[in-house]
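I opened this notebook to record what I looked up in one structure. The entries follow the order in which I consulted the model.

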Amino acid sequence: MNNTQATNRDDRLLREYDYETEWVLAADLPVGDDSVQYDTIGDTLILVIDDDGQVSETELDLPGPDADVTVNNGVLTVQVDK
């Protein structure tokens, strides 16, 4: 298993786990669950965050299609089977 961890200037945490059978990303988001929208198209995750009218959009390349994406208590989790 490979594990990568990073923080940004606001001390938001991002963790990436690369297991033999799956890849997992966990990110601490700066907003509540109802401010987050996401969609996957093939092996791309499109993440839209509306923080009090300031909308930001991010695209992430995933290591494969059919990602399982959840947002719970401000934590984004993405799981992709290899």
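This is a predicted model: local features need pLDDT of at least 70, side-chain atom pairs count only at pLDDT 80 or more; totals for chains, interfaces and linings use all residues.

The entries below cover a sheet, its turns, a salt bridge, a chain contact and a nonpolar core.

**Entry 1**

**Entry 2**

I asked in which order the strands of the open sheet lie. I found 3 strands in the order S4-S5-S6, with antiparallel pairing. The edge strands are S4, residues 36-41, and S6, residues 54-61, each of which pairs on one side only. Averaged over the sheet and with direction ignored, neighbouring strands are turned by 15° against each other.

I then looked up the individual pairings. Strand S5 covers residues 44-51 and pairs with S6 in the antiparallel sense over 8 bridges. S4 and S5 are likewise antiparallel, and I recorded 6 bridges for them.

**Entry 3. Residues with positive phi**

I next examined the backbone at the turns. The hairpin of S4 and S5 has 2 residues between the strands, and there Gly42 takes a positive phi near 60°.

Which residue has a positive phi of about 50° although it is not a glycine? I found that this is Asp52. Asp52 lies in the loop between S5 and S6, and it counts as exposed at 77% relative accessibility. Asn73 also is not a glycine, and its phi is positive at about 55°. I located Asn73 in the loop between strand S7, residues 68-72, and S8. With a relative accessible area of 70%, Asn73 is exposed. I recorded these values since most residues other than glycine have a negative phi.

**Entry 4. The salt bridge**

How many salt bridges does the rule give? The count comes to 1 salt bridge. Asp18 forms a salt bridge with Lys82, and the closest N and O atoms are 2.2 Å apart. The pair links distant parts of the chain: Asp18 belongs to strand S2, residues 13-18, while Lys82 is in the segment after strand S8, residues 75-81, and the two are 64 residues apart.

Asp18 counts as partly exposed because its relative accessibility is 25%, which falls between the 20% and 50% limits.

**Entry 5. Glu20 and Met1**

I found Glu20 in the loop between S2 and strand S3, residues 22-28. Glu20 counts as exposed, at 79% relative accessibility. From C-alpha to C-alpha, Glu20 and Met1 are 6.8 Å apart in space, although 19 residues separate them in sequence.

**Entry 6. The nonpolar core**

I finally looked up the largest nonpolar core, which has 16 residues. Those that touch the most other members are Leu29, Val36, Leu62, Leu76 and Val78. S3, S5, S7 and S8 are the elements that give two or more residues to this core.

Leaving aside residues up to four places away in sequence, Val78 touches Trp23, Val24, Leu25, Leu45, Leu62, Ala67, Asp68 and Val69. In soluble globular proteins, nonpolar side chains tend to be buried together.

Notes. Residues are numbered from 1 along each chain as its sequence is written. Side-chain values use heavy atoms; hydrogens and water are left out. Two strands pair if DSSP finds at least two bridges between them. Helices (H or I, at least four residues) and strands (E, at least two) are DSSP runs, numbered from the N terminus. Axes are lines fitted to C-alpha atoms, for helices over the stretch in contact, and angles run from 0 to 180 degrees between N-to-C directions. A salt bridge is a side-chain nitrogen of Lys or Arg within 4 Å of a carboxyl oxygen of Asp or Glu. Buried means under 20% relative accessible area, exposed over 50%, partly exposed in between (1.4 Å probe, protein chains only). A nonpolar core is a set of buried Ala, Val, Leu, Ile, Met, Phe, Trp, Tyr and Cys residues joined through side-chain atoms within 4.5 Å. Contact means heavy atoms within 4.5 Å.
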